[in-house]
Amino acid sequence: MVLSVSEWASAGQAHLVRDEAAGLEGIIVLHSTALGPAAGGCRVWSYDSADAMAADAFRLAEGMTYKNALAGLPLGGGKSVLRRPEGAFDRRRFFRAFGAAVEELKGSYVTAEDVGTSVDDMRAVAEATRHVAGLPPQDGRPGGDPSPWTARGTFLSMQVAVERYLGRALKDVTVAVQGVGHVGEALAMMLHAAGAKLVVADVASASVDRVVAATGARAVPVEDILSVEADVFAPCALGAILSAETIGSLKARVVCGAANNQLATAEDGARLADKGVLYAPDYVVNGGGIINVAAEYLGWSTADAVARVEATGERLGRVLDLAAAEGLPTNLAADQLARSIVAGGPALERDAA
Ligand code: NAD
């Protein structure tokens with residue numbers, strides 16, 4: 001195995017997974033188990049190198065530690081990242097083999113969907129382990145696709161950010177949504193219902209067409225969405241889209257979206273603040289999905305899960321308060337709060353289940 005994970009060793013525990021017959025190659029990272037089992041989804045993606053795959057896994061796992069802590073969940077942070085096999089592959093066999101790897105970790109890692117995986121894939125995982133969520137909901141209990149919950153938390157966060165920073169309601173703003181996949185489409189529908197004007201872009205034209213037909217959104221080419229005239233930029237595609245190169249052309253004064261790891265580097269948080277842009281930290285905003293996953297895995301009721309998702313805007317408000325009080329960029333304020341919770345400090349949540 002030529003995976004140079006040693007440089008990452010201080011950032012958490014890495015478990016390499018491989019089953020050649022099933023076409024499985026990947027890495028499971030347990031960034032922290034301080035608050036409970038390391039929980040975080042399974043991403044299937046094409047990577048140029050094993051190092052790139054490992055780097056993504058560690059970055060995402062760390063984000064999960066902070067996301068779960070800020071959402072007040074009794075969960076640590078982890079992530080699995082699997083290399084997408086070239087060409088067609090037997091998904092059931094692939095995910096059953098992944099499930100066997102998860103089972104070997106004896107519950108210290110809990111998986112669920114992420115980019116490139118579906119509810120059906122998690123059903124295959126569940127054939128080999130019970131440490132999986134995102135399965136079809138049963139008897140009205142939490143479960144299934146976490147995206148609508150993520151979209152709801154993002155929507156509530158945007159409401160808070162727009163009210164606090166622009167002094168306006170969502171019906172009076174234009175939101176540019178980058179990526180109208182599972183979360184982006186659901187978010188666009190909620191924003192449309194709230195009266196916001198929408199500009200959308202996606203590499204998948206069928207998704208754009210659907211959202212345009214349902215909401216009257218204006219479609220723009222993917223390369224224009226970040227610099228389009230809008231009050232809010234909502235990244236709902238992939239990460240690292242806010243960088244020294246792109247921030248200069250951003251027109252929106254609020255960034256609030258569901259994508260993980262939106263900032264290319266932590267310094268980009270300061271870059272946005274210096275430009276007068278309010279950045280709603282991604283992992284504070286997009287915790288709705290993992291709340292649903294946690295509720296399913298831990299056996300909470302739907303009412304418990306809903307209450308926690310509905311508190312997402314309030315949690316963002318607490319982070320913005322700290323940032324204002326300490327003169328910190330919002331991403332650093334969120335990191336500071338999350339680290340203090342992981343270290344045993346009080347949770348943000350007042351209505352913990
Ligand atoms: P998805 O794959 O359903 O949607 C992503 C969309 O982005 C797709 O429609 C894709 O075509 C589009 N896209 C890809 N590259 C693009 C580009 N350059 N420009 C514009 N569009 C592009 O994924 P999703 O589940 O909707 O998740 C979206 C983001 O939110 C991801 O970053 C994911 O990690 C994050 N997230 C999702 C959840 C969840 O519950 N699904 C939870 C937390 C975070």
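Here, a residue is called buried when its relative accessible area is under 20%, exposed when over 50%, and partly exposed in between, using a 1.4 Å probe and protein chains only. Ala196 counts as buried because its relative accessibility is 7%.

Before going on, a word on the model. It is predicted, so local features need pLDDT of at least 70 and side-chain atom pairs count only at pLDDT 80 or more, while totals for chains, interfaces and linings use all residues. Residues are numbered from 1 along each chain as its sequence is written, and side-chain values use heavy atoms, with hydrogens and water left out.

**Around Ala196**

Ala196 sits in the loop between H5 and strand E8 (197-201); helices (H or I, at least four residues) and strands (E, at least two) are DSSP runs, numbered from the N terminus. Leaving aside residues up to four places away in sequence, Ala196 touches Leu170, Lys171, Val173, Val175 and Leu191, where contact means heavy atoms within 4.5 Å. Val175 is 21 residues from Ala196 along the chain, and their C-alpha atoms are separated by 6.9 Å.

**The sheet**

E8 belongs to an open sheet of 6 strands with parallel pairing, in the order E9-E8-E7-E10-E11-E12. Strands E9 (218-219) and E12 (278-279) are its edges, each pairing on one side only; two strands pair if DSSP finds at least two bridges between them. Inside the sheet, 2 bridges join E10 (residues 232-235) to E11 (residues 254-255), and Phe233 stands opposite Val255 in E11.

**Two pockets**

A pocket is an open set of points on a 1 Å grid over the protein atoms alone, where a 1.4 Å probe fits, with protein on both sides within 12 Å along at least five of seven lines; lining residues have an atom within 4 Å of a point. Volume is the space filled by probe spheres set on the points, which are joined across faces, edges and corners.

| Pocket | Volume |
|---|---|
| Largest | about 1,200 Å³ |

Of the 47 residues lining the largest pocket, Arg43, Asp114, Val115, Val183 and Ala237 are the closest to its centre. This pocket lies between domain 1 (5-62 + 79-126) and domain 2 (147-286 + 320-337), because both give residues to its lining; the domain bounds come from an automatic or database domain assignment. H1 gives the most to that lining, with 5 residues.

The second largest pocket has 17 lining residues, and nearest its centre are Asn261, Leu263, Ala266, Tyr283 and Asp335. Here too H1 supplies the largest share, 4 residues.
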